[in-house]
Amino acid sequence: MEKNSWINIKTPLPGPKGQGVLDQDHQFVSPSYTRPYPMVAKEAQGMVVTDVDGNTFLDFSAGIAVCATGHCHPRVVKAIQDQAAKLIHMSGTDFYYPQISTLAQKLAEITPGASDKKVYFGNSGTEAIEAALKLARYATGRNRFIAFYHAFHGRTYGSLSLTASKPVQRKGFGSLLEGVTHVPYPYCYRCPDREVDGTCNPACLRVIEEVLFNSMLSPMEVAAIVFEPIQGEGGYVVPPKEFFVELKRISRKYGILLVADEVQSGMGRTGKMFAVEHFECEPDIIAVAKGIASGLPLGAIVASSKIMNWARGSHASTFGGNPLSCVAALETIRLLEEGLIENAAVVGKFLIQRLWKLAERHAMIGDVRGLGLMIGVELVKDRKTKEKAVEWREAAIQKAFRKGLLLLGCGENTLRLMPPLIVNQQQAEVALEILDEVFAEIECQRVSF
Ligand SMILES: Cc1ncc(COP(=O)(O)O)c(C=O)c1O
């Protein structure tokens with residue numbers, strides 16, 4: 001079925017070659033991965049992914065918000081190829097090379113805050129969070145952390161201790177890091193106070209000081225509050241500005257560091273380089289990964305030189321900040337600054353407006369929210385009760401896939417739209433058309449998966 005120049009589904013899904021890969025994968029690859037549908041990628045260019053059977057899909061997942069510049073952007077590919085012919089690895093832990101220092105300077109320049117900054121490099125989001133936790137303890141001499149329910153910060157033991165997104169992510173893994181306390185994240189769509197009088201009365205924001213500090217935790221033991229400026233895996237939840245004002249107040253009053261996890265929300269996705277910029281928030285430590293290098297593994301934390309003042313040998317990584325990832329990141333940032341951040345803001349706004357229009361026709365759309373190209377569509381069975389349409393969300397993802405649109409979910413009942421930042425309005429229209437069809441089919445069948 002050819003729907004447009006991007007999507008062409010010509011075999012059943014998975015196709016015969018795809019099925020062969022699935023069989024091999026199921027035999028040899030860890031079953032812990034999530035894989036919501038049988039998409040078997042062969043190659044990808046820009047917004048389009050081609051599977052091993054020649055079917056083409058429009059990608060609104062960007063490899064989980066990673067391929068910021070689109071798949072295989074020619075300038076990123078060239079930067080990687082040129083670098084690969086010269087120096088692939090040396091290890092920033094023990095040696096110097098210009099790519100790592102140039103990228104560090106660039107990240108220091110583009111992150112919020114005027115102070116002198118320093119950058120630590122790892123290979124992933126979870127490593128960035130591990131580094132942030134260690135640095136926060138080291139810099140403050142304090143042990144404890146505050147994180148938020150529904151947060152996702154990664155899956156290694158430190159970051160997993162902060163993650164509170166799904167029980168399966170923790171179940172069976174034994175004891176985690178001591179001293180992490182979770183508090184509610186402001187979730188305006190489901191805020192009981194808002195429902196009472198229709199205004200923002202952020203009681204959830206006062207929990208830290210009024211409840212936690214008064215009942216069980218001395219603020220003077222807290223090294224850092226770790227937060228996502230927009231909750232990602234938790235449901236693409238955008239907090240009110242008051243959240244950031246309160247975090248800053250608490251942080252300054254008690255000397256607690258603010259660690260912003262911008263792993264998913266950073267690198268232009270929200271229409272600004274970092275999501276905290278929408279809220280005039282200057283965190284003490286920023287963690288980045290995912291979109292930073294258009295698909296090559298890289299994670300980083302950025303902090304003031306005063307905070308990132310740990311001893312030689314105290315933290316490092318063999319591969320972190322390898323030359324290939326660094327040049328890919330430098331080219332990615334150039335492309336973001338040359339127009340992709342602006343494009344994310346413009347196309348994101350268009351998508352959000354049009355999704356609200358769709359909501360006029362589809363009662364199952366309870367909420368549309370987001371900034372730039374970090375957009376969540378929360379599905380409900382009933383707009384009044386806000387009963388979560390968990391199976392309909394699953395059905396929507398499956399149906400969209402079969403129509404050639406790659407989507408992922410977040411939270412229990414939210415669809416997330418996180419295309420590469422190169423997406424244009426025509427491609428957004430195609431995605432909207434498919435979503436319109438998908439919602440209509442679900443409403444008509446009341447699909448239960
Ligand atoms: C906000 C956030 N932090 C951390 C991570 C962990 O990143 P990684 O999977 O690269 O370890 C993720 C991954 O989804 C994330 O969304």
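The largest nonpolar core has 137 residues, and the members that touch the most others are Leu58, Ala132, Val259, Ile285, Ala300 and Ile301. A nonpolar core here is a set of buried Ala, Val, Leu, Ile, Met, Phe, Trp, Tyr and Cys residues joined through C-beta atoms within 7 Å. Buried means that 20 or more other C-beta atoms, placed from the backbone, lie within 10 Å of the residue's own. H10 supplies the largest share of this core, 15 residues; helices are DSSP runs (H or I, at least four residues), numbered from the N terminus.

This is a predicted model: local features need pLDDT of at least 70, side-chain atom pairs count only at pLDDT 80 or more, and totals for chains, interfaces and linings use all residues. Residues are numbered from 1 along each chain as its sequence is written.

Take Ala132. Which residues is it in contact with, leaving aside neighbours within four places in sequence? They are Val226, Val259, Ile285, Ala287 and Ile301, where contact means C-beta atoms, placed from the backbone, within 7 Å.

Next, the domains. The assignment, automatic or from a database, gives domain 1 (16-72 + 339-445) and domain 2 (76-335). Their C-alpha centres lie 25 Å apart. The contact takes 30 residues from domain 1 and 28 residues from domain 2.

Last, the ligand. Of the 15 residues around the ligand, Ser124, Gly125, Thr126, Val263 and Gln264 come nearest; near means a C-beta atom, placed from the backbone, within 6 Å. Helix H5 (residues 125-140) gives the most to this shell, with three residues.

Definitions and conventions
Helices (H or I, at least four residues) and strands (E, at least two) are DSSP runs, numbered from the N terminus. Two residues are in contact if their C-beta atoms, placed from the backbone, lie within 7 Å. A residue is buried if 20 or more other C-beta atoms lie within 10 Å of its own, exposed if 12 or fewer, and partly exposed in between; C-beta atoms are placed from the backbone.
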